[in-house]
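The structure is shown first.

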Amino acid sequence: MSETSKKVVYSVCSMCTVRCPIEIEVENGAVKHIWGNPHVLGGRFLCPRGAAGKVFENDSERLQGPMIRSGERGSGEWRKATWDEALDYVAERLKKVIETYGPESVILGDRGGAFTDLQKAFIKALGSPNYFNHHGSCSNSVHNAHNGLTGQRRNTVSYDWKNCKYAVLYGRNILESIGTKEAKDFIDALENGMKFTYFDIRWNYTAAKADRFHIIKPGSDYAVNLGIIHTLISEKLYDAEFVNRWVVGFDELAKFISPYTPEWAEKESGVPAREIVAIAHEMAEVKPAVILYAGWMTAWTEDDYYFRRSIYMIYALLGGYEAKGGLLFNKNEVDAGYKPLKKFVDLVPKVDKKRFDGVGWKYKHLSADYGLAQMVPHAVLNEDPYPVKAFINYRFDPLSAFPDPEKFKEGLRKLDLLVTIDVNYSHTGWVSDVILPEATYLERTDSVIVKSGPKPSLWMRRKAVEPKFDAKPKWWILKQLADRLGIGQYFPYNSVEDIIAFQLQDMGLKLEDFNSKGTVSLAKDQIMWDRKDGLKFKTPSKKIEFVSSMLEENGIPSFPPYESSKEPPDGFFRLTTGKTAVHTQGTTLNNPYLNEIQPENSLWINTAEADKMGIKSGDTVEISADGVAQTIKAYVTDFIHPTAVYTLHGYGREIPLQSRAFKKGMRDNTLMKGLLTVAVGGNCPITDCFVKIRKLS
Ligand SMILES: Nc1nc2c(c(=O)[nH]1)N[C@H]1C(S)=C(S)[C@@H](COP(=O)(O)OP(=O)(O)OC[C@H]3O[C@@H](n4cnc5c(=O)[nH]c(N)nc54)[C@H](O)[C@@H]3O)O[C@H]1N2
Ligand SMILES: Nc1nc2c(c(=O)[nH]1)N[C@H]1C(S)=C(S)[C@@H](COP(=O)(O)OP(=O)(O)OC[C@H]3O[C@@H](n4cnc5c(=O)[nH]c(N)nc54)[C@H](O)[C@@H]3O)O[C@H]1N2
Ligand code: SF4
Ligand SMILES: [Mo]
């Protein structure tokens, strides 16, 4: 018998984009088990999806080789192609589009996050300014809110759970919509005595841990925050020293807030005024060791932006920046005394062209780091501001992520070329001209990333096993395309080892430094900046701007009068959605293990409302909006606000080749017609969707 070969590979999970550090046990060239990387996490814990990476790897229903469509777009008729054929096909069509309409008619969308250097370099090298990502359906409003106040993205700060004494979460279902380390840090903090207040429009596992929990009127979180700010200011409970040193526009806030008393907030939100006052008092007592969670999924309503701004303003009032138990600035390699990690995008000359989505000219207060994916259909269909003809879609599924997929699809159908690079079949892949399968995260090495934080480090995703099917890593795919398009000089590598050597060139580090723990720590201790003089806000005033120069310059008020969130018309409910602990969006619904655990979604309906319609748990109901109707099983409960219904996002997959998930449950976003819009924070107002419910059986 041949000897068993075993190895351990440290890498980064990709079953969702939280990117947890992992330890992969490999036996005889196959993945045996996936754990959390104990060197980074202090334990081997992982979420269910992370552990299910092993079955994803072996799934015969994942993408297995390049495919070119042989029938109409979306007909599901494909022919298998060799890599050369598929890459030539893409390159030829891209060349034609660029020759006819100019490079800006090519757009590239991806999932965003840390591993984006090569995509950004690729689209820039083509001469197009049009990089964007999924954040219009996720965190645009919080990113842009923090940017307007501090001149920096939201991920330039992180939460100090370890020292936190009081936390307020608003619809942040931290124990089901998981980031493994954060969920653990949160539980540890509770065990250390942290008090916890939670607002949601319904009960969930996070609510179960709260000291104070309120089922709030959907979209009224901003009113609660105004009530809290009113109390902090009128009772002088804020940190005057911090505010005087670091805030611009406090007086304007104080003036603005005067009508928004806790009693007023109670009428708006349903949260009793005495509770709002008590929460403000509790926060003030332990300030600055307070965390108010500003995200994640923030694409809720039209006024999301002002709500997210109010969260960061409360931090400023509590003196919570660079404060133990509050927000800590994330430091990078340069803050730790190293030369920067080199990026390919910096090799490419600047592109000075107007963006397709309006960011930078129509929407000057919104960040080009994220862009506005929801503008794709408008730009394609109307050739506004110019023809958009080719879309390179990497690790992104806008037809699942964005409201109104029919409208989005109408736009995609008018493109000359749609290419999807994915590991699974996706709704967007299904209507593409070409699907290029990427090797899974277990089968590829990606470039090095900086994990910025109070104690920065370098992380790397590393190949554990050989690709099971005819799939290739992104770095190879983009290099092949670049060579065919005459921009190969910006991708000066032949292997991923070359990429890493290039990245680390100036830092005095090498690939082998990642071997023993999977990461390279860049600082021995937390790096802390001086709260008196060392905080690095990037606004013109170098302070936190309550009156935001970025907004004012663009004719957007910093303090518009409060507007109530929209009420559902008579006979309608607000459709709210979210995640389950065992699935990533719609992406893992076909995973053999995870599908077995949670194959379908159901619709939460408030008991009193369900009674009026004669609906009981388990009944099949019709849910409809704007001429679209779906069916789903009802789940009747006291623990949801009567004006809302709730379901898990991502179900009702419509890809026949995903046999386990096909047509199981209800596809929520199809009901969200007319919501491919740009709210003031750059988000789609996904929950401004009103539906009718009817009992079927
Ligand atoms: N109604 C409603 N809409 C929502 C949400 C909601 O709760 N309700 N949630 C919103 C949120 S928070 C987000 S972040 C977005 C998410 O929207 P997306 O960013 O589009 O979603 P994901 O499911 O994370 O992944 C997109 C694609 O990446 C592919 N992928 C995964 N791993 C890899 C890989 O290693 N390589 C490649 N090339 N591809 C890979 C997946 O197969 C999938 O097709 O959806 C948003 N939309
Ligand atoms: N298991 C799992 N974990 C994930 C993901 C996943 O797909 N699966 N995705 C990751 C991603 S990309 C993200 S962005 C995060 C998202 O993490 P979260 O921000 O926690 O997002 P959701 O699961 O969308 O949670 C939505 C919650 O908001 C509530 N809600 C809806 N409207 C309102 C409102 O008006 N006010 C209040 N207070 N609450 C409201 C809903 O009832 C629900 O409980 O999760 C990440 N972690
Ligand atoms: S939260 Fe789970 S799925 Fe997401 S990266 Fe971490 S282990 Fe993987
Ligand atoms: Mo997200």
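**Domains**

Domain bounds come from an automatic or database domain assignment. For the protein chain it gives domain 1 (6–57), domain 2 (67–138 + 337–521), domain 3 (161–325 + 531–552) and domain 4 (573–695).

This is a predicted model, in which local features need pLDDT of at least 70, side-chain atom pairs count only at pLDDT 80 or more, and totals for chains, interfaces and linings use all residues. Residues are numbered from 1 along each chain as its sequence is written, chains are lettered from A and ligands numbered from 1 in the order in which they are written, and side-chain values use heavy atoms, without hydrogens and water.

**Interface of domain 1 and domain 3**

The C-alpha centres of domain 1 and domain 3 are 34 Å apart. Contact (heavy atoms within 4.5 Å) links 9 residues of domain 1 with 6 residues of domain 3.
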